[in-house]
Number of protein chains: 2
Amino acid sequence: MSDAALHHSAAPEAAMEPKTLVEGAYRRLRRNIVEGVHPPGEKLRVEHLKEQYDVGAGTLREALQLLVTDALVVAQGQRGFRVAPISLKDFEDITRTRVLIETEALRQSIALGDDDWEGRVLAAFHRLSRAEERLDDEASAREDWEERNRVFHEVLISACPSRWIQHFQQILYRQSERYRRLSLFRNPIPRDVHAEHQLLCDATVARDSEAACKVLTEHILRTLDAVRHMPTEFLNAAENGPKVRPA
Amino acid sequence: MSDAALHHSAAPEAAMEPKTLVEGAYRRLRRNIVEGVHPPGEKLRVEHLKEQYDVGAGTLREALQLLVTDALVVAQGQRGFRVAPISLKDFEDITRTRVLIETEALRQSIALGDDDWEGRVLAAFHRLSRAEERLDDEASAREDWEERNRVFHEVLISACPSRWIQHFQQILYRQSERYRRLSLFRNPIPRDVHAEHQLLCDATVARDSEAACKVLTEHILRTLDAVRHMPTEFLNAAENGPKVRPA
DNA sequence: TCAACACTTTTTCTCGAGATTTTTATATTT
DNA sequence: AAATATAAAAATCTCGAGAAAAAGTGTTGA
(Lines give C-alpha, C1' and ligand atoms only; values in the text may rest on other atoms or scores of the structure.)
Protein backbone atom coordinates (compact mmCIF):
# COMPACT_ATOMS: atom_id res chain seq x y z
CA MET A 1 0.00 0.00 0.00
CA SER A 2 2.57 2.53 1.05
CA ASP A 3 4.56 1.26 -1.87
CA ALA A 4 2.14 2.61 -4.39
CA ALA A 5 1.21 5.54 -2.23
CA LEU A 6 4.74 6.73 -1.78
CA HIS A 7 6.81 5.85 -4.74
CA HIS A 8 4.57 5.16 -7.65
CA SER A 9 2.01 7.16 -9.48
CA ALA A 10 -0.88 9.06 -7.99
CA ALA A 11 -3.27 6.38 -9.26
CA PRO A 12 -5.66 5.22 -6.56
CA GLU A 13 -4.84 1.73 -5.37
CA ALA A 14 -8.48 0.83 -5.28
CA ALA A 15 -8.53 0.96 -9.06
CA MET A 16 -5.84 -1.59 -9.75
CA GLU A 17 -6.60 -5.12 -8.77
CA PRO A 18 -4.40 -6.96 -6.31
CA LYS A 19 -1.46 -8.77 -7.85
CA THR A 20 -1.03 -11.32 -5.08
CA LEU A 21 -3.27 -13.12 -2.63
CA VAL A 22 -1.48 -11.35 0.20
CA GLU A 23 -2.42 -7.97 -1.16
CA GLY A 24 -6.00 -9.06 -1.76
CA ALA A 25 -6.39 -10.42 1.75
CA TYR A 26 -4.75 -7.28 3.13
CA ARG A 27 -7.26 -4.99 1.45
CA ARG A 28 -10.29 -7.06 2.40
CA LEU A 29 -9.11 -7.29 5.98
CA ARG A 30 -8.40 -3.58 6.13
CA ARG A 31 -11.82 -2.73 4.78
CA ASN A 32 -13.53 -5.05 7.23
CA ILE A 33 -11.63 -3.60 10.16
CA VAL A 34 -12.36 -0.01 9.16
CA GLU A 35 -16.03 -0.85 8.61
CA GLY A 36 -16.26 -2.52 11.97
CA VAL A 37 -16.92 -6.04 10.69
CA HIS A 38 -14.00 -6.96 12.88
CA PRO A 39 -14.68 -4.78 15.92
CA PRO A 40 -11.89 -3.20 17.97
CA GLY A 41 -10.10 -5.61 20.26
CA GLU A 42 -11.33 -8.72 18.46
CA LYS A 43 -8.95 -11.62 18.44
CA LEU A 44 -7.88 -12.44 14.91
CA ARG A 45 -7.32 -16.20 14.89
CA VAL A 46 -5.46 -17.25 11.81
CA GLU A 47 -6.99 -20.72 11.84
CA HIS A 48 -10.52 -19.32 11.59
CA LEU A 49 -9.82 -16.41 9.31
CA LYS A 50 -8.05 -18.47 6.67
CA GLU A 51 -11.36 -20.08 5.83
CA GLN A 52 -13.26 -16.81 5.83
CA TYR A 53 -10.75 -15.17 3.48
CA ASP A 54 -10.00 -18.35 1.58
CA VAL A 55 -6.19 -18.20 1.78
CA GLY A 56 -3.48 -20.20 3.48
CA ALA A 57 -2.28 -19.54 6.98
CA GLY A 58 1.07 -18.08 5.91
CA THR A 59 -0.59 -15.78 3.41
CA LEU A 60 -3.00 -14.48 6.00
CA ARG A 61 -0.16 -13.88 8.45
CA GLU A 62 1.64 -11.74 5.89
CA ALA A 63 -1.48 -9.68 5.34
CA LEU A 64 -1.85 -9.22 9.09
CA GLN A 65 1.74 -8.05 9.39
CA LEU A 66 1.02 -5.40 6.79
CA LEU A 67 -1.86 -4.18 8.90
CA VAL A 68 0.36 -4.04 11.97
CA THR A 69 2.45 -1.19 10.63
CA ASP A 70 -0.77 0.56 9.65
CA ALA A 71 -1.74 0.35 13.31
CA LEU A 72 -5.05 -1.29 12.50
CA VAL A 73 -3.85 -4.57 13.97
CA VAL A 74 -1.60 -5.20 16.94
CA ALA A 75 0.68 -8.20 17.25
CA GLN A 76 1.32 -9.39 20.78
CA GLY A 77 4.47 -11.38 21.19
CA GLN A 78 3.52 -15.03 20.93
CA ARG A 79 -0.14 -14.37 21.54
CA GLY A 80 -1.35 -13.74 18.05
CA PHE A 81 -3.05 -10.80 16.42
CA ARG A 82 -5.84 -8.54 17.55
CA VAL A 83 -7.78 -5.66 16.01
CA ALA A 84 -6.27 -2.46 17.36
CA PRO A 85 -8.27 -1.28 20.38
CA ILE A 86 -9.90 2.12 20.42
CA SER A 87 -10.11 4.80 23.03
CA LEU A 88 -11.23 8.39 23.25
CA LYS A 89 -7.67 9.42 24.03
CA ASP A 90 -6.43 7.72 20.88
CA PHE A 91 -9.08 9.40 18.76
CA GLU A 92 -8.23 12.80 20.18
CA ASP A 93 -4.65 12.14 19.20
CA ILE A 94 -5.63 10.99 15.73
CA THR A 95 -7.83 14.03 15.24
CA ARG A 96 -5.27 16.60 16.32
CA THR A 97 -2.54 14.98 14.26
CA ARG A 98 -4.88 14.81 11.30
CA VAL A 99 -5.59 18.51 11.59
CA LEU A 100 -1.87 19.22 11.57
CA ILE A 101 -1.18 17.03 8.55
CA GLU A 102 -4.27 17.76 6.51
CA THR A 103 -4.26 21.54 6.88
CA GLU A 104 -0.62 21.65 5.85
CA ALA A 105 -1.48 19.48 2.86
CA LEU A 106 -4.37 21.73 1.95
CA ARG A 107 -2.21 24.84 2.26
CA GLN A 108 0.32 23.40 -0.14
CA SER A 109 -2.39 22.15 -2.44
CA ILE A 110 -4.02 25.58 -2.66
CA ALA A 111 -0.65 27.20 -3.26
CA LEU A 112 0.41 24.82 -6.00
CA GLY A 113 -2.74 23.38 -7.54
CA ASP A 114 -3.47 24.10 -11.19
CA ASP A 115 -6.75 24.55 -13.02
CA ASP A 116 -7.09 20.85 -13.59
CA TRP A 117 -6.92 20.30 -9.85
CA GLU A 118 -9.63 22.90 -9.26
CA GLY A 119 -11.78 21.00 -11.67
CA ARG A 120 -11.22 17.74 -9.86
CA VAL A 121 -12.13 19.40 -6.56
CA LEU A 122 -15.40 20.67 -7.96
CA ALA A 123 -16.15 17.31 -9.52
CA ALA A 124 -15.50 15.42 -6.30
CA PHE A 125 -17.63 17.88 -4.38
CA HIS A 126 -20.45 17.49 -6.84
CA ARG A 127 -20.35 13.73 -6.62
CA LEU A 128 -20.35 13.96 -2.84
CA SER A 129 -23.30 16.33 -2.85
CA ARG A 130 -25.34 13.97 -5.00
CA ALA A 131 -24.61 11.13 -2.62
CA GLU A 132 -25.66 13.30 0.31
CA GLU A 133 -29.03 13.93 -1.28
CA ARG A 134 -29.67 10.23 -1.52
CA LEU A 135 -28.66 9.53 2.07
CA ASP A 136 -32.19 9.33 3.49
CA ASP A 137 -33.77 7.38 0.69
CA GLU A 138 -31.70 4.35 -0.08
CA ALA A 139 -29.94 2.26 2.51
CA SER A 140 -27.03 1.45 0.23
CA ALA A 141 -26.32 5.15 -0.18
CA ARG A 142 -24.13 5.32 2.87
CA GLU A 143 -21.39 3.21 1.36
CA ASP A 144 -21.41 5.55 -1.63
CA TRP A 145 -21.22 8.54 0.66
CA GLU A 146 -18.29 7.08 2.60
CA GLU A 147 -16.36 6.42 -0.58
CA ARG A 148 -17.07 9.84 -2.08
CA ASN A 149 -16.27 11.61 1.14
CA ARG A 150 -12.90 9.90 1.20
CA VAL A 151 -12.26 10.83 -2.42
CA PHE A 152 -13.26 14.44 -1.78
CA HIS A 153 -10.77 14.79 1.05
CA GLU A 154 -8.15 13.05 -1.03
CA VAL A 155 -8.66 15.25 -4.06
CA LEU A 156 -8.54 18.39 -1.94
CA ILE A 157 -4.94 17.69 -1.03
CA SER A 158 -3.98 15.92 -4.25
CA ALA A 159 -2.04 18.96 -5.46
CA CYS A 160 0.23 18.78 -2.43
CA PRO A 161 3.51 17.50 -3.84
CA SER A 162 4.57 15.67 -0.69
CA ARG A 163 4.09 11.93 -0.97
CA TRP A 164 4.85 11.53 2.71
CA ILE A 165 2.18 13.96 3.84
CA GLN A 166 -0.33 12.22 1.59
CA HIS A 167 0.77 8.87 2.98
CA PHE A 168 0.26 9.97 6.57
CA GLN A 169 -3.05 11.57 5.68
CA GLN A 170 -4.30 8.27 4.26
CA ILE A 171 -3.33 6.38 7.39
CA LEU A 172 -4.98 8.92 9.67
CA TYR A 173 -8.10 9.17 7.54
CA ARG A 174 -8.53 5.41 7.73
CA GLN A 175 -8.11 5.51 11.49
CA SER A 176 -10.69 8.21 11.98
CA GLU A 177 -13.05 6.55 9.54
CA ARG A 178 -13.11 3.58 11.88
CA TYR A 179 -14.21 5.79 14.75
CA ARG A 180 -16.67 7.73 12.66
CA ARG A 181 -18.41 4.60 11.44
CA LEU A 182 -18.84 3.53 15.03
CA SER A 183 -20.46 6.82 15.97
CA LEU A 184 -22.57 6.78 12.82
CA PHE A 185 -23.88 3.36 13.72
CA ARG A 186 -26.24 5.15 16.06
CA ASN A 187 -26.26 8.75 14.94
CA PRO A 188 -26.94 9.38 11.27
CA ILE A 189 -24.81 11.75 9.25
CA PRO A 190 -25.88 15.21 10.40
CA ARG A 191 -27.32 17.74 8.07
CA ASP A 192 -24.69 20.41 8.40
CA VAL A 193 -21.81 18.45 6.97
CA HIS A 194 -23.00 19.41 3.53
CA ALA A 195 -22.79 23.07 4.42
CA GLU A 196 -19.29 22.51 5.74
CA HIS A 197 -18.21 20.75 2.59
CA GLN A 198 -19.69 23.60 0.58
CA LEU A 199 -17.72 26.18 2.53
CA LEU A 200 -14.58 24.09 2.25
CA CYS A 201 -14.98 23.70 -1.47
CA ASP A 202 -15.69 27.39 -2.02
CA ALA A 203 -12.76 28.61 0.03
CA THR A 204 -10.44 26.16 -1.67
CA VAL A 205 -11.37 27.12 -5.21
CA ALA A 206 -11.19 30.77 -4.18
CA ARG A 207 -7.62 30.03 -3.06
CA ASP A 208 -8.36 31.41 0.37
CA SER A 209 -5.87 29.31 2.25
CA GLU A 210 -6.61 30.54 5.75
CA ALA A 211 -10.36 30.26 5.45
CA ALA A 212 -10.17 26.81 3.91
CA CYS A 213 -7.87 25.50 6.64
CA LYS A 214 -10.10 26.99 9.30
CA VAL A 215 -13.16 25.27 7.89
CA LEU A 216 -11.27 22.03 7.45
CA THR A 217 -10.05 22.12 11.05
CA GLU A 218 -13.54 22.67 12.41
CA HIS A 219 -14.86 20.01 10.08
CA ILE A 220 -12.40 17.43 11.40
CA LEU A 221 -12.91 18.47 15.02
CA ARG A 222 -16.66 18.06 14.67
CA THR A 223 -16.23 14.32 14.26
CA LEU A 224 -14.40 14.30 17.56
CA ASP A 225 -17.46 15.73 19.26
CA ALA A 226 -19.65 13.08 17.71
CA VAL A 227 -17.41 10.37 19.12
CA ARG A 228 -17.27 12.13 22.49
CA HIS A 229 -21.04 11.84 22.78
CA MET A 230 -20.93 8.20 21.92
CA PRO A 231 -21.98 5.74 24.62
CA THR A 232 -18.89 4.79 26.57
CA GLU A 233 -19.50 1.06 26.28
CA PHE A 234 -18.76 1.43 22.57
CA LEU A 235 -15.29 2.66 23.21
CA ASN A 236 -14.14 -0.01 25.61
CA ALA A 237 -16.03 -2.84 24.00
CA ALA A 238 -13.67 -5.66 23.10
CA GLU A 239 -15.86 -8.24 21.42
CA ASN A 240 -13.80 -11.26 22.22
CA GLY A 241 -12.90 -10.62 25.78
CA PRO A 242 -10.62 -7.83 26.93
CA LYS A 243 -8.47 -10.50 28.50
CA VAL A 244 -5.89 -8.04 29.57
CA ARG A 245 -4.63 -9.43 32.78
CA PRO A 246 -2.77 -7.19 35.23
CA ALA A 247 0.47 -8.72 33.98
CA MET B 1 7.06 -1.68 15.65
CA SER B 2 4.11 0.62 15.44
CA ASP B 3 2.47 -1.69 17.90
CA ALA B 4 4.86 -0.83 20.65
CA ALA B 5 5.34 2.70 19.43
CA LEU B 6 1.69 3.54 19.34
CA HIS B 7 -0.18 1.60 21.90
CA HIS B 8 2.19 0.41 24.52
CA SER B 9 4.46 2.13 26.94
CA ALA B 10 7.08 4.71 26.17
CA ALA B 11 9.78 2.08 26.64
CA PRO B 12 12.23 2.01 23.75
CA GLU B 13 11.75 -1.05 21.61
CA ALA B 14 15.48 -1.49 21.32
CA ALA B 15 15.58 -2.42 24.97
CA MET B 16 13.20 -5.35 24.89
CA GLU B 17 14.32 -8.35 22.97
CA PRO B 18 12.28 -9.68 20.08
CA LYS B 19 9.58 -12.15 21.04
CA THR B 20 9.37 -13.90 17.69
CA LEU B 21 11.74 -14.73 14.88
CA VAL B 22 9.74 -12.46 12.60
CA GLU B 23 10.32 -9.49 14.85
CA GLY B 24 14.00 -10.32 15.18
CA ALA B 25 14.49 -10.61 11.44
CA TYR B 26 12.49 -7.41 10.96
CA ARG B 27 14.76 -5.41 13.22
CA ARG B 28 17.99 -6.80 11.79
CA LEU B 29 16.78 -6.16 8.27
CA ARG B 30 15.68 -2.66 9.14
CA ARG B 31 19.01 -1.86 10.73
CA ASN B 32 20.92 -3.21 7.76
CA ILE B 33 18.84 -1.22 5.31
CA VAL B 34 19.19 2.01 7.27
CA GLU B 35 22.92 1.46 7.64
CA GLY B 36 23.30 0.81 3.95
CA VAL B 37 24.36 -2.83 4.21
CA HIS B 38 21.52 -3.41 1.82
CA PRO B 39 21.92 -0.42 -0.49
CA PRO B 40 18.94 1.36 -2.08
CA GLY B 41 17.41 -0.52 -4.97
CA GLU B 42 18.98 -3.86 -4.07
CA LYS B 43 16.91 -6.89 -4.88
CA LEU B 44 15.99 -8.76 -1.72
CA ARG B 45 15.85 -12.42 -2.72
CA VAL B 46 14.16 -14.47 -0.09
CA GLU B 47 16.07 -17.59 -1.04
CA HIS B 48 19.40 -15.95 -0.36
CA LEU B 49 18.43 -13.87 2.63
CA LYS B 50 16.94 -16.76 4.56
CA GLU B 51 20.41 -18.17 4.98
CA GLN B 52 21.94 -14.84 5.91
CA TYR B 53 19.31 -14.19 8.56
CA ASP B 54 18.92 -17.83 9.52
CA VAL B 55 15.13 -18.04 9.31
CA GLY B 56 12.62 -19.80 7.08
CA ALA B 57 11.31 -18.34 3.87
CA GLY B 58 7.86 -17.60 5.22
CA THR B 59 9.27 -15.90 8.29
CA LEU B 60 11.48 -13.69 6.19
CA ARG B 61 8.57 -12.74 3.96
CA GLU B 62 6.57 -11.61 6.96
CA ALA B 63 9.47 -9.47 8.12
CA LEU B 64 9.73 -7.95 4.66
CA GLN B 65 6.02 -7.13 4.63
CA LEU B 66 6.49 -5.22 7.87
CA LEU B 67 9.19 -3.18 6.21
CA VAL B 68 6.92 -2.44 3.25
CA THR B 69 4.55 -0.32 5.31
CA ASP B 70 7.58 1.44 6.78
CA ALA B 71 8.52 2.35 3.21
CA LEU B 72 12.00 0.92 3.60
CA VAL B 73 11.16 -1.94 1.25
CA VAL B 74 8.94 -1.96 -1.80
CA ALA B 75 7.00 -5.00 -2.99
CA GLN B 76 6.45 -5.24 -6.72
CA GLY B 77 3.53 -7.43 -7.74
CA GLN B 78 4.94 -10.83 -8.48
CA ARG B 79 8.48 -9.63 -8.78
CA GLY B 80 9.62 -9.84 -5.22
CA PHE B 81 11.01 -7.30 -2.80
CA ARG B 82 13.51 -4.53 -3.21
CA VAL B 83 15.15 -2.00 -0.93
CA ALA B 84 13.29 1.28 -1.36
CA PRO B 85 15.09 3.46 -3.91
CA ILE B 86 16.36 6.87 -2.98
CA SER B 87 16.23 10.20 -4.77
CA LEU B 88 16.94 13.81 -3.99
CA LYS B 89 13.29 14.62 -4.50
CA ASP B 90 12.30 12.01 -1.95
CA PHE B 91 14.78 13.30 0.59
CA GLU B 92 13.55 16.85 0.15
CA ASP B 93 10.08 15.56 0.86
CA ILE B 94 11.22 13.60 3.90
CA THR B 95 13.10 16.60 5.23
CA ARG B 96 10.25 19.07 4.88
CA THR B 97 7.75 16.68 6.37
CA ARG B 98 10.13 15.93 9.20
CA VAL B 99 10.44 19.64 9.95
CA LEU B 100 6.67 19.89 10.12
CA ILE B 101 6.27 16.89 12.41
CA GLU B 102 9.29 17.36 14.61
CA THR B 103 8.87 21.06 15.30
CA GLU B 104 5.26 20.48 16.28
CA ALA B 105 6.38 17.67 18.55
CA LEU B 106 9.04 19.88 20.10
CA ARG B 107 6.55 22.69 20.62
CA GLN B 108 4.22 20.39 22.51
CA SER B 109 7.10 18.84 24.39
CA ILE B 110 8.34 22.23 25.60
CA ALA B 111 4.82 23.25 26.57
CA LEU B 112 4.06 20.09 28.53
CA GLY B 113 7.39 18.63 29.65
CA ASP B 114 8.09 18.40 33.37
CA ASP B 115 11.33 18.69 35.31
CA ASP B 116 12.08 15.03 34.84
CA TRP B 117 11.90 15.52 31.08
CA GLU B 118 14.31 18.46 31.27
CA GLY B 119 16.70 16.20 33.10
CA ARG B 120 16.46 13.53 30.42
CA VAL B 121 17.13 16.13 27.74
CA LEU B 122 20.26 17.32 29.48
CA ALA B 123 21.39 13.76 30.08
CA ALA B 124 20.90 12.78 26.44
CA PHE B 125 22.73 15.89 25.30
CA HIS B 126 25.61 15.14 27.61
CA ARG B 127 25.92 11.60 26.35
CA LEU B 128 25.82 12.86 22.78
CA SER B 129 28.50 15.46 23.48
CA ARG B 130 30.82 12.82 24.94
CA ALA B 131 30.37 10.70 21.84
CA GLU B 132 31.13 13.68 19.64
CA GLU B 133 34.43 14.21 21.41
CA ARG B 134 35.47 10.68 20.62
CA LEU B 135 34.51 10.90 16.96
CA ASP B 136 38.00 11.49 15.61
CA ASP B 137 39.82 9.01 17.78
CA GLU B 138 38.09 5.68 17.64
CA ALA B 139 36.53 4.23 14.56
CA SER B 140 33.76 2.49 16.47
CA ALA B 141 32.67 5.85 17.87
CA ARG B 142 30.43 6.62 14.95
CA GLU B 143 27.94 3.89 15.79
CA ASP B 144 27.78 5.30 19.31
CA TRP B 145 27.22 8.76 17.94
CA GLU B 146 24.43 7.60 15.64
CA GLU B 147 22.63 5.88 18.47
CA ARG B 148 23.00 8.79 20.87
CA ASN B 149 21.97 11.30 18.25
CA ARG B 150 18.80 9.30 17.67
CA VAL B 151 18.12 9.12 21.40
CA PHE B 152 18.70 12.86 21.80
CA HIS B 153 16.16 13.71 19.15
CA GLU B 154 13.76 11.19 20.61
CA VAL B 155 14.09 12.49 24.16
CA LEU B 156 13.60 16.06 22.97
CA ILE B 157 10.07 15.25 21.86
CA SER B 158 9.36 12.58 24.44
CA ALA B 159 7.12 14.92 26.42
CA CYS B 160 4.85 15.35 23.41
CA PRO B 161 1.74 13.38 24.36
CA SER B 162 0.82 12.41 20.81
CA ARG B 163 1.72 8.79 20.06
CA TRP B 164 0.96 9.38 16.40
CA ILE B 165 3.34 12.29 16.02
CA GLN B 166 6.04 10.28 17.74
CA HIS B 167 5.28 7.36 15.45
CA PHE B 168 5.62 9.45 12.32
CA GLN B 169 8.75 11.08 13.69
CA GLN B 170 10.37 7.69 14.14
CA ILE B 171 9.55 6.65 10.59
CA LEU B 172 10.89 9.88 9.12
CA TYR B 173 14.00 9.87 11.29
CA ARG B 174 14.83 6.38 10.09
CA GLN B 175 14.33 7.47 6.50
CA SER B 176 16.60 10.47 6.80
CA GLU B 177 19.16 8.45 8.73
CA ARG B 178 19.50 6.28 5.66
CA TYR B 179 20.32 9.30 3.52
CA ARG B 180 22.60 10.83 6.11
CA ARG B 181 24.68 7.70 6.44
CA LEU B 182 25.18 7.71 2.70
CA SER B 183 26.41 11.29 2.72
CA LEU B 184 28.55 10.61 5.78
CA PHE B 185 30.23 7.74 3.99
CA ARG B 186 32.34 10.37 2.27
CA ASN B 187 32.00 13.49 4.35
CA PRO B 188 32.64 13.13 8.07
CA ILE B 189 30.30 14.59 10.63
CA PRO B 190 30.97 18.33 10.50
CA ARG B 191 32.20 20.29 13.45
CA ASP B 192 29.28 22.64 13.88
CA VAL B 193 26.65 20.04 14.64
CA HIS B 194 27.77 20.13 18.23
CA ALA B 195 27.16 23.85 18.40
CA GLU B 196 23.72 23.29 16.90
CA HIS B 197 22.88 20.63 19.44
CA GLN B 198 24.07 22.95 22.18
CA LEU B 199 21.79 25.73 20.99
CA LEU B 200 18.91 23.32 20.63
CA CYS B 201 19.41 21.95 24.10
CA ASP B 202 19.73 25.41 25.67
CA ALA B 203 16.65 26.82 23.99
CA THR B 204 14.63 23.75 24.91
CA VAL B 205 15.52 23.78 28.59
CA ALA B 206 14.94 27.53 28.62
CA ARG B 207 11.45 26.74 27.28
CA ASP B 208 11.97 29.10 24.37
CA SER B 209 9.70 27.34 21.93
CA GLU B 210 10.22 29.60 18.95
CA ALA B 211 14.01 29.65 19.21
CA ALA B 212 14.20 25.90 19.72
CA CYS B 213 12.03 25.16 16.70
CA LYS B 214 14.03 27.57 14.60
CA VAL B 215 17.29 25.87 15.51
CA LEU B 216 15.77 22.44 14.99
CA THR B 217 14.49 23.41 11.56
CA GLU B 218 17.87 24.68 10.46
CA HIS B 219 19.51 21.64 11.95
CA ILE B 220 17.34 19.28 9.94
CA LEU B 221 17.66 21.32 6.77
CA ARG B 222 21.45 21.25 7.05
CA THR B 223 21.41 17.52 6.41
CA LEU B 224 19.55 18.21 3.20
CA ASP B 225 22.42 20.39 2.02
CA ALA B 226 24.91 17.66 2.80
CA VAL B 227 22.96 15.23 0.65
CA ARG B 228 22.58 17.83 -2.10
CA HIS B 229 26.36 18.04 -2.39
CA MET B 230 26.65 14.31 -2.59
CA PRO B 231 27.94 12.83 -5.84
CA THR B 232 24.95 12.14 -8.03
CA GLU B 233 25.97 8.57 -8.75
CA PHE B 234 25.24 7.80 -5.10
CA LEU B 235 21.64 8.77 -5.44
CA ASN B 236 20.74 6.76 -8.48
CA ALA B 237 22.95 3.80 -7.67
CA ALA B 238 20.94 0.58 -7.60
CA GLU B 239 23.42 -2.08 -6.66
CA ASN B 240 21.76 -5.01 -8.27
CA GLY B 241 20.75 -3.56 -11.55
CA PRO B 242 18.16 -0.83 -11.95
CA LYS B 243 16.22 -3.20 -14.14
CA VAL B 244 13.41 -0.77 -14.54
CA ARG B 245 12.24 -1.32 -18.02
CA PRO B 246 10.17 1.36 -19.73
CA ALA B 247 7.04 -0.77 -19.25
C1' DT C 1 23.06 -7.40 -36.71
C1' DC C 2 18.79 -7.66 -34.82
C1' DA C 3 14.25 -9.50 -33.48
C1' DA C 4 11.18 -13.14 -32.26
C1' DC C 5 10.31 -17.56 -30.38
C1' DA C 6 10.68 -21.69 -27.48
C1' DC C 7 13.07 -23.73 -23.71
C1' DT C 8 15.54 -23.80 -19.26
C1' DT C 9 16.58 -21.90 -14.91
C1' DT C 10 15.69 -19.10 -11.19
C1' DT C 11 12.62 -16.85 -7.95
C1' DT C 12 8.41 -15.88 -6.06
C1' DC C 13 4.13 -17.16 -4.07
C1' DT C 14 1.26 -20.41 -1.74
C1' DC C 15 -0.11 -24.25 1.06
C1' DG C 16 -0.06 -27.91 4.61
C1' DA C 17 2.24 -30.16 8.59
C1' DG C 18 5.22 -30.29 12.83
C1' DA C 19 7.25 -28.04 17.06
C1' DT C 20 6.50 -24.41 21.00
C1' DT C 21 3.96 -21.65 23.54
C1' DT C 22 -0.21 -19.99 25.57
C1' DT C 23 -4.64 -20.85 27.29
C1' DT C 24 -8.19 -23.57 29.37
C1' DA C 25 -9.75 -27.17 32.30
C1' DT C 26 -9.18 -30.38 36.07
C1' DA C 27 -7.43 -32.08 40.29
C1' DT C 28 -5.02 -31.51 44.61
C1' DT C 29 -3.68 -29.17 48.76
C1' DT C 30 -3.97 -25.78 52.46
C1' DA D 1 -13.48 -22.14 49.46
C1' DA D 2 -9.26 -20.20 47.55
C1' DA D 3 -5.04 -21.05 45.62
C1' DT D 4 -1.60 -23.73 43.54
C1' DA D 5 -0.07 -27.37 40.57
C1' DT D 6 -0.73 -30.58 36.90
C1' DA D 7 -2.59 -32.08 32.47
C1' DA D 8 -5.16 -31.46 28.21
C1' DA D 9 -6.47 -28.46 24.41
C1' DA D 10 -6.01 -24.80 21.31
C1' DA D 11 -3.50 -21.52 18.89
C1' DT D 12 0.65 -19.57 17.37
C1' DC D 13 4.95 -19.73 15.16
C1' DT D 14 8.06 -21.91 12.05
C1' DC D 15 9.78 -24.67 8.32
C1' DG D 16 10.11 -27.15 3.90
C1' DA D 17 7.99 -28.60 -0.53
C1' DG D 18 5.12 -27.89 -4.62
C1' DA D 19 2.70 -24.68 -8.24
C1' DA D 20 2.94 -20.33 -10.76
C1' DA D 21 5.37 -16.63 -12.64
C1' DA D 22 9.42 -14.08 -14.17
C1' DA D 23 14.03 -13.79 -15.93
C1' DG D 24 17.58 -15.70 -18.55
C1' DT D 25 19.51 -18.57 -22.60
C1' DG D 26 20.05 -20.18 -26.96
C1' DT D 27 18.35 -21.01 -31.48
C1' DT D 28 16.27 -19.79 -35.73
C1' DG D 29 15.15 -16.72 -39.36
C1' DA D 30 15.07 -12.36 -41.82
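1. Basis of the note. The model is predicted, and local features need pLDDT of at least 70, side-chain atom pairs count only at pLDDT 80 or more, and totals for chains, interfaces and linings use all residues. Residues are numbered from 1 along each chain as its sequence is written, while chains are lettered from A and ligands numbered from 1 in the order in which they are written.

2. Overall make-up of chain A. Chain A holds eleven helices and three strands; these are DSSP runs numbered from the N terminus, with helices (H or I) of at least four residues and strands (E) of at least two. Their order from the N terminus is α-α-β-α-α-β-β-α-α-α-α-α-α-α. Of its 247 residues, 40% are buried (20 or more other C-beta atoms within 10 Å of the residue's own, C-beta atoms being placed from the backbone). Among contacts in chain A between residues at least 6 apart in sequence, 74% join residues at least 24 apart; a contact requires C-beta atoms, placed from the backbone, within 7 Å.

3. The sheet of chain A. Three strands make an open, antiparallel sheet in the order E1-E3-E2, where pairing requires that DSSP finds at least two bridges between two strands. Strand E1 (43-44) and E2 of chain A stand at the edges with a single partner strand each, so one side of each has no neighbour in the sheet. E2(A) pairs with strand E3 (residues 81-83) over three bridges, and A:Val73 has A:Val83 in E3(A) as its bridge partner. H4(A) packs on this sheet, touching E1, E2 and E3 of chain A, and its direction makes about 105° with that of E2(A) (axes are lines fitted to C-alpha atoms, for helices over the stretch in contact, and angles run from 0 to 180 degrees between N-to-C directions).

4. The sheet of chain B. In chain B, too, three strands form an open antiparallel sheet, ordered E1-E3-E2. E1(B) pairs with strand E3 (residues 81-83) of chain B over two bridges, and B:Lys43 stands opposite B:Arg82 in E3(B).

5. The contact between the chains. In all, 32 residues of chain A are in contact with 32 residues of chain B. H4(A) gives the most to the side of chain A that touches chain B, with seven residues. By class, this side has 13 nonpolar, ten polar and nine charged residues (nonpolar: Ala, Val, Leu, Ile, Met, Phe, Trp, Tyr, Cys and Pro; charged: Asp, Glu, Lys and Arg; polar: the others, Gly among them).

6. The DNA strands. Around DNA strand C there are 19 residues, of which A:Leu21, A:Gly56, A:Gly58, B:Arg45 and B:Gly80 come nearest; a residue is near a strand if its C-beta atom, placed from the backbone, lies within 6 Å of it. This surface has six nonpolar, eight polar and five charged residues. DNA strand D is surrounded by 18 residues, the closest being A:Arg45, A:Gly80, B:Leu21, B:Gly56 and B:Gly58. The surface near DNA strand D has six nonpolar, eight polar and four charged residues.

Terms used: Contact = placed C-beta atoms within 7 Å. Buried ≥ 20, exposed ≤ 12 C-beta atoms within 10 Å, placed from the backbone.
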